Amino acid sequence: MIGLDTLVQGVLLGGLYALFAAGLSLVFGIMRLVNLAHGDLIVFGAYLILVVVSVLGVNPFLAALVAAPVMFALGWLLQKVVLNRTLGDDILPPLLVTFGLSVVIQNALLESFSADSQRISMGALETASVDLGPVTVGVLPLITFASAVLVIVGLNQLFYRTAIGRAFRATSDDQVTASLMGIRPDRVFATATAVAMLVVTIAALYLGTRANFDPSAGPARLIYAFEAVIIGGLGSLWGTLAGGIIIGVAQTVGAAINPEWQILAGHIAFLLVLLVKPRGLFPQGGGR
Amino acid sequence: MSVYTVTTRTRASRTAFWGALILVAGLALAPLFVGRGTIQDLFFILTMLTLAQFWNLLAGYGGLVSVGQQAFVGLGAYALYGAVILYGVDPVVSILIAGLVAVVLAVPISVFAFRLQGAYFAIGTWVIAEVCRLSVAQWRAVGGGTGTSLPREAVAEMMLVPTIETALDVRASEARDILAYWLALILVVATIAGIYWLLRTRRGLALAAVRDNEEAARSVGVDAGRMKWVVFLTSAFGTGLAGGLIYLQKGRISPDAAFSVTDWTAYVIFIVVIGGLGTIEGPIIGVLVFFLLQSLFADYGAWYLMLLGLIGIGVMLFAPRGLWGLLSERTGIQLFPVRRRLAGGALKGREG
Amino acid sequence: MTALLETRGLTAFYGDFQALFGVDITLARGETVAIIGANGAGKTTLMRAITGVLRSARDQILHAGTGIGHLPADTIMKRGIAMVPEGRRLFPSLTVEENLLIGAQHKGGRDLGDRIDSLFARLTGGPDPAAMAGDHDGSGHWSLETVYDLFPILRERRRSPGTALSGGQQQMVAIGRALMSNPDILLCDEISLGLAPVVIRDIYAALPRIRETGASVIIVEQDIGQALAVADRVYCMMEGRVTLEGRPDTISRDDIHAAYFGAAA
Ligand SMILES: Nc1ncnc2c1ncn2[C@@H]1O[C@H](COP(=O)(O)OP(=O)(O)OP(=O)(O)O)[C@@H](O)[C@H]1O
Ligand SMILES: [Mg+2]
């Protein structure tokens, strides 16, 4: 039975996928770089939060706050030291380097934390729920969705209201002319990846608290993120949220019919959108 | 005045031709001299080399970076198991079916994948491979999510195996490995010869033009989309054949193994990148390095994979043309020359 | 007295192709210099080299006596050398006002990013361009308001995307954008290209007011009449070399003709 309940669960799940996707979308929008290690970085973030929780014994939200600057710095260094060297007309180097990075991160996590699946405990919040009229929803999924909306609002503010955002857009338009304006493209790129890693930290928090994860969980997150971005249309963060929701709803509906079909249903929804609207539902910033 | 000839041959390439002939003859006779373990290692090397050549054709020549070639390995392998288990086809014949099924399914797959460009194509192919894996896991007749084995009778009666058994005086299981090995040798020789031939035809030159500059190629009438399509289907066919053969030899299949991104794409990318992208020689060197690393370090598990990833990143950053690129830059040697060169005319050729 | 800007034997390459063969020009404080020459003479290449888009050797370009040829474009801009690039090159995703504001993005001094870069440079032993940015502080006459006063039409169109404007208006934005950093040296590459004569007149009318604020100017111009009318001195380039230098009132049409097309013509 596909009830209202299923749909609402799907929409909320979409919030999680939009969080996975926002960082990917940000980095692609600014430097046309597709980071194949994006999912693994999210999983890495989840382990980092897990470690902070168990070492400092703090609540996961606080732990994410501690992890965020670490992730920010890592993103900055990763871009500055490695990824900036791969940018250019040829699409191969960034793809292959980030693919290699994905393999490295997965196996480093495997070596450090074993293949056992983990979960960041939220205590009572994990099972808390609220009644919203006809449906009852979990508090945690609700917070996740709200975070996704906040992240997108925040990124849009950053993009369209601040000097950094102006530099992001200018550099993405035309690197050479941007450098004539005193902007250093490699620094802009490093900042963009660092900001994306802040979003990754938030995504990691909810990845780790809502379900089990293990070192090999990254590629699937990358794929969901990617599907959300493509469905939404490149360059539109609200479109990405819509894309996440479509994947989320397709998955919960698929799972309601047959639990084995959950993931497959999400992929099929993506392929259908690709077939009907290859440029996504809100192409070229249409949903900004 | 015409002292120039256009040639793609080099002295090294002629030496290489005879060298290759001797090498292939030697490899063909190997089962007479070496044990089963070595034959299995050689089988692994040859099939990985085949996969690497086809990935290289896609990415290095076609500019199509796919992270989803495991789709065709898995589809080919499952086509073979389906043909053997459901229709009782001889396993050796089924290898051809594996290739055909892969190429037929590649047509609808390309409809989706080609809607995405560049980096998005890469992840798109990965999604499609996942869809294939998840769909095949629903196919109960071949074992669903847990997989299945090739039926004992089908394998026992497999064509040529009894002949090899008596001729070489080996047990059936070993004869099967030897047959698979010979088939792998035929496949890799055909693959390299075929790709070499393709690259030297007009079509292949057009491909190089498309890779170097799609706009310019289009302006001189090269249909870039069509070329990429041809390359995609060719790779699907070859990868499907290899997939069928690999799982014929393994004798057991599961969706997670047959559609593994690590085994059939990550390793293959590593082989091509480290050897040298966009050359025929590169994957050959790459597969040897890969095998060496594998035999030395595979016991270290995750550390080994980390090492592979780091080497791949390092090569991409500091020697993007791979080991073969470094070597041929230093020495100018080309074993499979594809570019046309002006020969003759001595020094004056420069001004001509 | 050292010139404000000087090139000494400046060479420039696009890959293997050499585009400049030892160019020597000077610009004195307060001066306006015009560079003329046929298509492909190397004028834009000279501008690119000065602004650091193309790197050259350190001492091939001197800014107030300091070698800057090796510095990246952003550092050179921070030293107070701004460019109005050929073809205007507005940022399509930015509005008119944002296009102007981005010209003033750098407000002098070392920001956090500079400090991180310097630290990083020290750690890795790499070059630290931020240390070469000099003490140009970006303050002065020009601000959004004064640029809007200079080109009032831009005030009306401030919210439009930069590329939704007419060619002349876009050129005004490009000039305004360069002025926003209050440069000591303003480089203008073919600001009249493709514009109607009335529009060209409007744009050139702004030049005296720019000079009043103390900026020294290099203009690249195909329109020889225009160049001679505004410049204190003129250089003519051909095939990557300076073929003529002089004051507008002392050089003859024949000299220019020869310098433009080669002696044989
Ligand atoms: N990006 C480039 N790559 C290779 N060669 C270039 C490039 N840009 C310019 N050139 C070459 O350098 C030479 C000088 O070009 P440049 O653009 O400096 O000329 P210009 O004097 O500005 O001409 P115009 O009046 O047409 O703008 C020309 O021969 C040109 O073909
Ligand atoms: Mg020019």
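Predicted model: local features only at pLDDT ≥ 70, side-chain atom pairs only at ≥ 80, totals over all residues.
Which side chains meet in a salt bridge at 3.6 Å, N to O?

Let's begin with how the chains meet. There are 2 pairs of chains that touch, and the pair with the most contacts is chains A and B. Chain B and chain C, on the other hand, have no contact joining them, and their closest C-alpha atoms lie 16 Å apart.

Now let's zoom in on A and B. On one side, 38 residues of chain B take part, and they are in contact with 39 residues of chain A. Together the two chains bury an area of about 3,600 Å², and carbon and sulfur atoms give 84% of that. In general, the size of an interface is often given in just this way, as the accessible area lost when the parts come together.

Back to my opening question. The rule finds 1 salt bridge across the interface of chain B and chain A, and the partners are Arg140(B) and Glu260(A). There are also 5 residue pairs in polar contact between these two chains. Which elements of chain B give two or more residues to the side that touches chain A? They are α2, α4, α5, α13 and α15. Among these, α5(B) gives the most, with 13 residues. If we sort the residues on this side of chain B, we get 30 nonpolar, 5 polar and 3 charged.

Is Glu130(B) buried or exposed? Its relative accessible area is 16%, so Glu130(B) counts as buried.

Over to chain C, for another pair. Glu145(C) forms a salt bridge with Arg155(C), with the closest N and O atoms 2.8 Å apart. Glu145(C) sits in helix α5 of chain C and Arg155(C) in helix α6, so this pair ties together parts that are 10 residues apart in sequence. Both ends are partly exposed: Glu145(C) has a relative accessible area of 41%, and Arg155(C) has 29%. There is a network to look for too, in which salt bridges that share partners join Arg184(A), Asp74(C) and Lys78(C). Over all chains, a search of the whole structure finds 16 salt bridges.

Next, a charged residue in a strand. Arg233(C) lies in strand β9 of chain C, and its relative accessibility is 9%, so Arg233(C) counts as buried. What does its side chain reach at 2.8 Å? The backbone oxygen of Thr26(C). Beyond its neighbours in sequence, Arg233(C) is in contact with residues including Glu31(C), Val33(C) and Glu245(C).

The largest nonpolar core has 241 residues, and Phe270(A), Ile35(C) and Leu46(C) have the most contacts inside it. Apart from that core lies another, of 46 residues, among them Ala82(C) and Leu179(C). As for Leu46(C), its contacts away from its sequence neighbours include Leu10(C), Val23(C), Ile35(C) and Met237(C).

One last stop, in chain A. Val249(A) is in helix α10, and with a relative accessible area of 19% it is buried, since the cut-off is under 20%. Leaving out residues up to four places away, Val249(A) touches Leu7(A), Gly10(A) and Val11(A).

Conventions
Residues numbered from 1 in each chain as written. Chains lettered and ligands numbered in written order. Heavy atoms only, no water. Core = buried A, V, L, I, M, F, W, Y, C linked by side-chain atoms within 4.5 Å. Buried < 20%, exposed > 50% of the residue type's maximum accessible area, 1.4 Å probe, protein only. Contact = heavy atoms within 4.5 Å. Buried area = accessible area lost by both parts, 1.4 Å probe. Salt bridge = Lys/Arg side-chain N within 4 Å of Asp/Glu carboxyl O. Polar contact = N/O pair within 3.5 Å; in protein donor to acceptor, adjacent residues only side chain to side chain. Helix = DSSP H or I, 4+ residues; strand = E, 2+ residues; numbered from the N terminus. Nonpolar A, V, L, I, M, F, W, Y, C, P; charged D, E, K, R; others polar.
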